Amino acid sequence: MLLNNIPCCGCEACRSVCPKNCISMKADKEGFVYPQVDLSLCIDCKLCEKVCPVLYPASSTKAPSVYAGINNDTNIRLQSSSGGIFTLIAEQILKKNGVVFGACFDEHWNVIHRYTETKEGLSRFRGSKYVQSHIGDSFIQAKQFLDEGREVLFSGTPCQIAGLKKFLRKPYQNLLTVDVVCHGVPSPKVWQKYLHESVCKAYHIKQGSYFSLADKITNINFRSKENGWNTYHIRIEYQNGKDDSIPAAKNTYIQAFLSDLSLRPSCYACPAKLRHTQSDITLADFWGIDRLHPEMDDDKGCSLILVHNAQTLSLLKSLDCQLQEQDLDEAIAFNPSIIHSVKEPINRKFFYTILDKTHFAFSYKASTSSSLLMRIIRKIYRQL
């Protein structure tokens with residue numbers, strides 16, 4: 001059976017590999033899913049343990065080749081979080097009758113993994129989604145496509161890629177994996193609470209009322225470049241014609257994410273940072289490009305590209321994009337999440353304790369404010 005005392009990253013490899021389907025993923029009080037085993041069905045094959053990337057992390061890997069990259073199609077770049085390189089890579093797979101897996105929104109604005117076989121379908125995967133995605137049956141579907149001999153691109157967080165590789169249990173020449181430099185994954189519960197409160201404000205609905213997000217929201221963009229890449233906004237568009245476009249620096253959801261309050265516990269000791277990554281290529285925003293290569297900074301986005309093998313480097317150089325080789329240490333200086341996990345905030349437990357009792361914005365402010373009143377409130381809650 002699965003061990004219960006590990007800092008599970010929620011990759012769902014254990015559930016996907018179980019031959020008896022006796023593992024299900026259940027959300028805890030913070031909204032993160034964890035495996036639960038039906039012992040009446042379990043045959044103690046221990047496959048769930050063998051595919052766990054936390055129990056069996058990958059060995060150290062060599063330093064990657066590093067590039068700054070910009071898609072020459074400005075429209076695609078503006079729709080993307082950074083430089084639009086993912087779309088170029090994915091299009092190469094689709095040209096070979098391949099399949100591309102990525103994170104997208106469902107009709108209720110949960111973040112889930114799905115696949116596409118068309119160029120048009122890539123639009124759902126563009127842009128960052130600052131929520132932990134549900135893998136569902138994506139690992140199983142990817143294996144089916146791979147066994148059929150089709151080219152597969154699978155994109156996700158580093159721990160999801162590590163989980164996929166463990167689940168597959170053998171290398172596939174027709175698999176290309178792309179992960180992202182990950183700050184950490186926020187709780188789906190926190191995201192849904194934030195959305196519900198945003199809708200209540202936009203529609204003048206009483207807080208706590210029941211309604212379907214599918215009927216209220218038409219579009220969400222975590223990284224809108226309407227005011228430029230460097231000062232990106234989170235934008236929510238509503239069915240009633242209203243829209244919210246708030247700078248990341250002033251948006252409480254983004255600030256809770258960046259202050260590390262809303263992250264999954266395993267993110268504070270990530271098993272899949274750079275030296276242990278299992279991906280072929282890693283993508284991120286190239287923060288600091290304005291200092292290192294100002295000629296590539298037009299405030300429309302630039303990708304940081306870490307290439308982990310020669311085959312993928314050859315693919316990268318064949319793309320219709322601008323590339324500039326870069327020093328790894330300089331890239332890390334502007335984006336330490338490449339190699340370092342974030343530290344757990346001292347008030348994280350307090351944040352989740354009061355989340356169900358009050359508004360999201362107040363939960364965040366009460367957990368981060370240094371005012372005397374908020375310090376007293378935190379002290380009272382700790383004593384309860």
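Which residues form a nonpolar patch on the surface? In this predicted model, the patch is made by Leu 372, Ile 376 and Ile 380, which together have about 280 Å² of accessible area.

**The protein as a whole**
- The protein contains 14 helices and 13 strands.
- Its radius of gyration is 21 Å, close to the 21 Å that the globule rule gives for 384 residues, so the protein is as compact as a globular protein of that length.
- Taken along the principal axes, the box that the C-alpha atoms fill is roughly 60 × 55 × 40 Å.
- Of the 384 residues in the protein, 54% are buried, while the accessible surface comes to about 17800 Å², with 50% of that area belonging to carbon and sulfur atoms.

**A mostly covered helix**
- Helix α6, which spans residues 158-168, has 9 of its 11 residues buried.
- These buried residues are Pro 158, Cys 159, Gln 160, Ile 161, Ala 162, Gly 163, Leu 164, Phe 167 and Leu 168.
- The elements that cover them include the helices α1 (13-17) and α5 (138-147), together with the strands β5 (111-116), β6 (152-156) and β7 (175-180).
- Just after α6 comes Arg 169, which takes a positive phi of about 65 degrees.

**The nonpolar patch**
- Ile 380, one of the residues of the surface patch, lies in helix α14, which runs over residues 372-383.
- Ile 380 counts as partly exposed because its relative accessibility is 45%, and that value falls between the 20% under which a residue is buried and the 50% over which a residue is exposed.

**The cysteines**
- A disulfide is a covalent bond between the sulfur atoms of two cysteines.
- A search of the whole structure finds 0 disulfides.
- Cys 104 is in no disulfide, and the nearest cysteine sulfur, which belongs to Cys 159, is 17 Å away, whereas a disulfide is counted when two cysteine sulfur atoms are within 2.5 Å.
- Cys 104 counts as buried because its relative accessible area is 0%.
- Cys 302 is also in no disulfide, with the nearest cysteine sulfur, that of Cys 321, lying 10 Å away.
- Cys 302 is buried as well, with a relative accessible area of 1%.

Definitions and conventions
Residues are numbered from 1 along each chain as its sequence is written. This is a predicted model: local features need pLDDT of at least 70, side-chain atom pairs count only at pLDDT 80 or more; totals for chains, interfaces and linings use all residues. Side-chain values use heavy atoms; hydrogens and water are left out. Patches are made of residues with over 30% relative accessible area and no salt bridge: like charges are joined within 9 Å, nonpolar side chains (Val, Leu, Ile, Met, Phe, Trp, Tyr) within 5 Å. Accessible areas come from the Shrake-Rupley method with a 1.4 Å probe; for residues, only the protein chains shown count as cover. A salt bridge is a side-chain nitrogen of Lys or Arg within 4 Å of a carboxyl oxygen of Asp or Glu. Helices (H or I, at least four residues) and strands (E, at least two) are DSSP runs, numbered from the N terminus. Buried means under 20% relative accessible area, exposed over 50%, partly exposed in between (1.4 Å probe, protein chains only). Contact means heavy atoms within 4.5 Å. The radius of gyration is taken over C-alpha atoms; the globule rule is 2.2 Å times the number of residues to the power 0.38.
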